[in-house]
Amino acid sequence: MTKHKLAFTRKNTHCSLMLMLTVGLFVVTVCLLTACHRVEKPLTHSGNAVYYWRTTFSLDSIESAFFSTYRVKRIYCRYFDVVMDASQGPMPNATLQFAQKRPDSVELVPVVFIMNDCMQRPHEGLARKLVGRIVQMNETNDVTGVSELQIDCDYTARNRDIYYDFLQEVQREAAAHGLTVSTTIRLHQLSMPPPPVSYGVLMLYNTGAPERFAERNPILDLRDVKPYLPYLKDYELPLAAAYPVFRWERNIRGALISHVADYDDIVRVKRLVEAERSDLKQLILTYHLDSENVKRYTTKQYETIYHH
């Protein structure tokens, strides 16, 4: 009798161990699958938007019609740059002047471009001054309904931590005025941990080296985008997408060189990045609003660029 009881006990123990191993293997498998597939966080905004990158806010009839023609609901408007002054530190430059009010149907997002050398070391009070200047410009020019501001900076791995600390300060200052904060993301920045903001706008332009203009279009070339595609899936920050519709003219050794993004290249890049990330279909921007840029592409081409 004792032998039978002992055998029965060993059998149950064996079954229990097998069950525990099976459950454990299942849990590990689920964890591995979860780790391999990034859970995308939805963007808080969707639809069509455009950048405005001039020093005077004034819309002609072509630019005004752009909003209704392409159902553009947001305009990301450069308010000023922050440049490094040798004696005074970071200072505002090229401040936007409002010659007219923005259309009532369009939400305005102030954008501040910060030169990289301003982020080589921390600057006490910079975030407070920056947010305060934006709020003051809104009040002075009767710009209402602003819920967000955006910071644009071509930060690098070397000054990333300083920039991210600065963004956290901006967020604290902005929250006091009911504002959220976003930032631009360049392709090379996808290899870094994401910044502490609500979302990023992936800049799908100025992708190439300007000195290689004879080989590739420095505004947008698929060959310059492809190396960064593997970073997209696991990038832990909601992303919008911005595509180029501008012309870039440069004087090189006395010759005027003009660059324009090829429409077919824009569409190829758009399809590639959207295949990697569904949120890149949600909020789509073009850079930037100008009557010449509006006329550069057909209505059908713009509709394809803005297709969700």
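Predicted model: local features only at pLDDT ≥ 70, side-chain atom pairs only at ≥ 80, totals over all residues.

Biologist: Okay, which residues are buried in H3?

Modeller: The buried ones are Leu126, Ala127, Leu130, Val131, Ile134, Val135, Met137 and Asn138. Looking down the axis of H3, they fall within an arc of 165°, so they line one face of the helix.

Biologist: What do the buried residues of H3 pack against?

Modeller: They pack against strands E3, E4, E5, E6 and E7, plus helix H4.

Biologist: And how far apart are the end C-alpha atoms of H3?

Modeller: They are 21 Å apart, which agrees with the 21 Å that 15 residues should span at 1.5 Å a residue. Just after H3, Asp142 has a positive phi of about 55°.

Biologist: Switching to strands. In E9, which residues are on which side?

Modeller: E9 covers residues 200-203, with Gly200 and Leu202 on one side and Val201 and Met203 on the other. All four are buried, so both faces of the strand are covered.

Biologist: How many bridges join E8 to E9?

Modeller: 3 bridges, and those two strands run parallel. E9 also pairs with E10 in the parallel sense, over 4 bridges.

Biologist: What does Gly200 stand opposite in E10?

Modeller: Leu239. Gly200 is also the bridge partner of Thr183.

Biologist: New topic: how many salt bridges does the count come to?

Modeller: The count comes to 17. One of them joins Arg78 and Asp81, with the closest N and O atoms 3.1 Å apart.

Biologist: Is Arg78 buried or exposed?

Modeller: Arg78 counts as buried, at 3% relative accessibility. Asp81 counts as buried too, at 15%, because the cut-off is under 20%.

Biologist: What about Arg216, which residue does it form a salt bridge with?

Modeller: Asp224, with the closest N and O atoms 2.7 Å apart. Asp224 counts as buried at 11% relative accessibility.

Biologist: And where do Lys295 and Glu292 lie?

Modeller: Both are in helix H8, 3 residues apart, about one turn of the helix. Glu292 is partly exposed, with a relative accessible area of 44%.

Biologist: Which residues are linked in a network of salt bridges?

Modeller: Arg54, Glu63 and Asp290 are linked that way.

Terms used. Residues numbered from 1 in each chain as written. Heavy atoms only, no water. Buried < 20%, exposed > 50% of the residue type's maximum accessible area, 1.4 Å probe, protein only. Pairing = 2+ DSSP bridges. Salt bridge = Lys/Arg side-chain N within 4 Å of Asp/Glu carboxyl O. Expected span 1.5 Å × (residues − 1). Arc of directions from axis to C-beta. Contact = heavy atoms within 4.5 Å.
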